[in-house]
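Colleague: I have the structure open beside the sequence. Could you take me through it, beginning with a single residue?

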Amino acid sequence: MGHRMKECPREDSVLQAFHDGQPLPDHVRDCEWCAAALLLAQTLQADAADVTVPSHGLVYWKARLRERRQQQELALRPARRMEWMAAALVLATPVIVAAATGMVLVAVAAAGLGIMAAATIAVLKYRLQ
Ligand SMILES: [Zn+2]
């Protein structure tokens, strides 16, 4: 008995049973590989109702899951851009107000503070990613 999870020859029949809505074999409870394959299939099906679950291997499901994560990442990008624009606006406002009222030194100081704040936010954001 090895410690690493070994690919199981019964995986296809387990996924086929899940796909067909048939009762799952007891084997799933004893087999780490089939349990993982089943969990991935269930996750994907719960994630999107339009996803049909054909009997494919664990490697296939992992690739699909990665694909979906990338799609979600792409969907979030416009929101991130808005976040940056809002932050830029907040930081730029004191500079614009000070410049408009003729307070050049205040405008320069506010710009300096804004740049520092922006740099700090950028560093924090990239560290958290
Ligand atoms: Zn198995």
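Modeller: Let us begin with Leu15, which counts as buried because it has 24 C-beta neighbours inside 10 Å. A residue is called buried if 20 or more other C-beta atoms lie within 10 Å of its own, exposed if 12 or fewer, and partly exposed in between, with C-beta atoms placed from the backbone. This is a predicted model, in which local features need pLDDT of at least 70 and side-chain atom pairs count only at pLDDT 80 or more, while totals for chains, interfaces and linings use all residues. Residues are numbered from 1 along each chain as its sequence is written.

Colleague: Where is the place of Leu15?

Modeller: Leu15 is in helix H1. Helices (H or I, at least four residues) and strands (E, at least two) are DSSP runs, numbered from the N terminus.

Colleague: Which residues in H1 are buried?

Modeller: They are Glu11, Val14, Leu15 and Phe18. Viewed down the axis of H1, the buried residues fall within an arc of 95°, so they line one face of the helix. The arc is that of the directions from the helix axis to the C-beta atoms. An α-helix has 3.6 residues a turn, so residues three or four places apart point the same way.

Colleague: How far apart are Leu15 and Ala41?

Modeller: Leu15 and Ala41 are 26 residues apart in sequence and 7.7 Å apart in space, C-alpha to C-alpha. Both belong to the largest nonpolar core, which has 11 residues in all, among them Phe18, Leu38 and Trp61. Such a core is a set of buried Ala, Val, Leu, Ile, Met, Phe, Trp, Tyr and Cys residues joined through C-beta atoms within 7 Å.

Colleague: Which elements give two or more residues to this core?

Modeller: Helix H1 (11-20), helix H3 (32-47) and H4 do. H3 gives the most, with 4 residues.

Colleague: And Leu58, what is it in contact with?

Modeller: Leaving aside neighbours within four places in sequence, Leu58 is in contact with Glu11, Trp33, Ala36, Ala37 and Leu40. Contact requires that the C-beta atoms, placed from the backbone, lie within 7 Å.

Colleague: Turning to H4, how many residues does it have?

Modeller: H4 (residues 58-100) has 43 residues. From first C-alpha to last it reaches 62 Å, close to the 63 Å expected at 1.5 Å a residue; the expected span is 1.5 Å times one less than the number of residues.

Colleague: Where does the kink in H4 lie?

Modeller: A kink of about 35° lies at Ala92, shortly before the proline Pro94. The bend is the angle between axes fitted to the seven residues ending there and the seven starting there.

Colleague: Does H4 lie largely buried or in the open?

Modeller: Of the 43 residues of H4, the number buried is 2, so H4 lies largely in the open.

Colleague: What about Ala122, buried or exposed?

Modeller: Ala122 is exposed, with 12 other C-beta atoms within 10 Å. Its place is in helix H5 (residues 104-128).

Colleague: Finally, where is confidence lowest, and where is it highest?

Modeller: Confidence is lowest in H4, at a mean of 76, and highest in helix H2 (residues 27-30), at 91. For the protein chain, the mean pLDDT (the predictor's confidence in each residue, from 0 to 100) is 77, and 86% of residues reach 70 or more. Where pLDDT is low, the predicted coordinates should not be read in detail.

Note on methods: Two residues are in contact if their C-beta atoms, placed from the backbone, lie within 7 Å.
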